[in-house]
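This report covers the nonpolar core, a central strand pairing, the salt bridges and the aromatic pairs of one model. The sequence and structure come first.

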Amino acid sequence: MQEQNSQEKPKNRVRFTIWGVLGYGLILLAAIGILVFYTWMPMHVDRDLSDKLPWTNEGLVIEEVEAAWKSTQGNAHLSKRTALYPEASIRINAAPGKGRIDVIFLDPMGTQIGDTHYLRYENGQFEKNQNRVCQSEGNTATVWLETGFESMDLFTLHRANREENLWRVVCIHRPEGAAEGIRLGQRSIKAEIKSTEKGE
């Protein structure tokens, strides 16, 4: 009887060791899978609907459009409304005469969010402006919304959801005297966060 018990103990130890190794192996594989999914996989690539730059129309040349999500952390005014907000910076290379560039933000469904931003220019320079949602001077203008994602959890879901398009910034050119605007292009707001330097 004692011999049988002594033979069963090593067998049980071997079984526990095998199951233990398998269990740790599965946990390790799951951790690596999560790391690859959330860190290394470029989730936004297949949803990027950006048009190639530069964008041109009737002498106007937009050579740079940067769009990013910004954190409201440290901004007392914006943090009361949202956790993350979209921002776009536009640089014109040439803009003869007078006119304006209308800038709108679209959500993944293509619905406009917030008001249209009107950036007036004359002879290659934006009209100097600084208000709650816009800064423009020289050949550069930056516009943003006071709304976006209310929490990091919602932003993470947006980042991981491959079924949705990204948010977009669309620019429309309206030369002075023109009856209608001409769509110049759109830039997808990549699912990454850049820090904000805005004060209160």
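## Nonpolar core

The largest nonpolar core has 29 residues. A nonpolar core here is a set of buried Ala, Val, Leu, Ile, Met, Phe, Trp, Tyr and Cys residues joined through side-chain atoms within 4.5 Å. Buried means under 20% relative accessible area, exposed over 50%, and partly exposed in between, with a 1.4 Å probe and protein chains only. The residues with the most contacts inside this core are Ile62, Ile90, Ile92, Ile101, Val103, Leu119 and Phe126. Two or more residues each come from β2, β3, β4, β5, β8 and β9, and β2 gives the largest share, five residues. Strands (E, at least two residues) and helices (H or I, at least four) are DSSP runs, numbered from the N terminus.

Leu119 shows what such a position touches. Apart from neighbours within four places in sequence, Leu119 is in contact (heavy atoms within 4.5 Å) with Ile90, Gly99, Arg100, Ile101, Val103, Phe126, Cys134, Ala141 and Val143.

## Basis of the values

This is a predicted model, in which local features need pLDDT of at least 70 and side-chain atom pairs count only at pLDDT 80 or more, while totals for chains, interfaces and linings use all residues. Residues are numbered from 1 along each chain as its sequence is written, and side-chain values use heavy atoms, with hydrogens and water left out.

## Strand β4 and its partners

Strand β4 spans residues 98-106, and seven of its nine residues are buried. On one pairing, β4 runs antiparallel to strand β5 (residues 112-122), with eight bridges joining them. Two strands count as paired if DSSP finds at least two bridges between them. Within this pairing, Asp102 stands opposite Tyr118 of β5. The two strands form a hairpin with five residues between them, and Gly110 in the turn has a positive phi of about 85°.

β4 also pairs with strand β9 (residues 168-175), again in the antiparallel sense and over eight bridges. In that pairing, Gly99 faces Pro175 of β9.

## Salt bridges

How many salt bridges does a search of the whole structure find? The search finds nine, a salt bridge being a side-chain nitrogen of Lys or Arg within 4 Å of a carboxyl oxygen of Asp or Glu. In one of them, Arg91 is joined to Glu63, with the closest N and O atoms 2.2 Å apart. Arg91 lies in strand β3 (residues 84-94) and Glu63 in strand β2 (residues 60-71), so the pair ties together parts that are 28 residues apart in sequence. Both are partly exposed: Arg91 has a relative accessible area of 28%, and Glu63 one of 31%. Glu63, Glu64 and Arg91 are linked in a network of salt bridges.

Asp102 and Arg100 form a salt bridge at 2.6 Å, N to O. Asp102 is buried, at 3% relative accessibility. Lys128 and Glu137 form a salt bridge at 3.7 Å, N to O, and Lys128 is exposed, with a relative accessible area of 65%.

## Glu127

Glu127 sits in strand β6 (residues 125-131) and is partly exposed at 48% relative accessible area. Leaving aside neighbours within four places in sequence, Glu127 is in contact with Arg120, Tyr121 and Ser136.

## Aromatic pairs

The structure holds five aromatic pairs. Rings of Phe, Tyr and Trp (its six-membered ring) pair if their centres lie within 6.5 Å; planes under 30 degrees apart count as stacked, over 60 as edge-to-face and the rest as tilted. Trp69 and Phe149 form a tilted pair, 4.9 Å centre to centre with 55° between the planes. This pair links distant parts of the chain: Trp69 is in strand β2 and Phe149 in the loop between β8 (140-144) and α3 (152-160), 80 residues apart.

Phe149 also pairs with Trp167; the ring centres are 5.9 Å apart and the planes are at 50°, so this pair is tilted. Trp167 lies in the loop between α3 and β9, and the pair therefore ties together parts that are 18 residues apart in sequence. Phe149 is buried with a relative accessible area of 11%, and Trp167 is buried at 6%. Ring pairs link Trp69, Phe149, Phe155 and Trp167 into a cluster.
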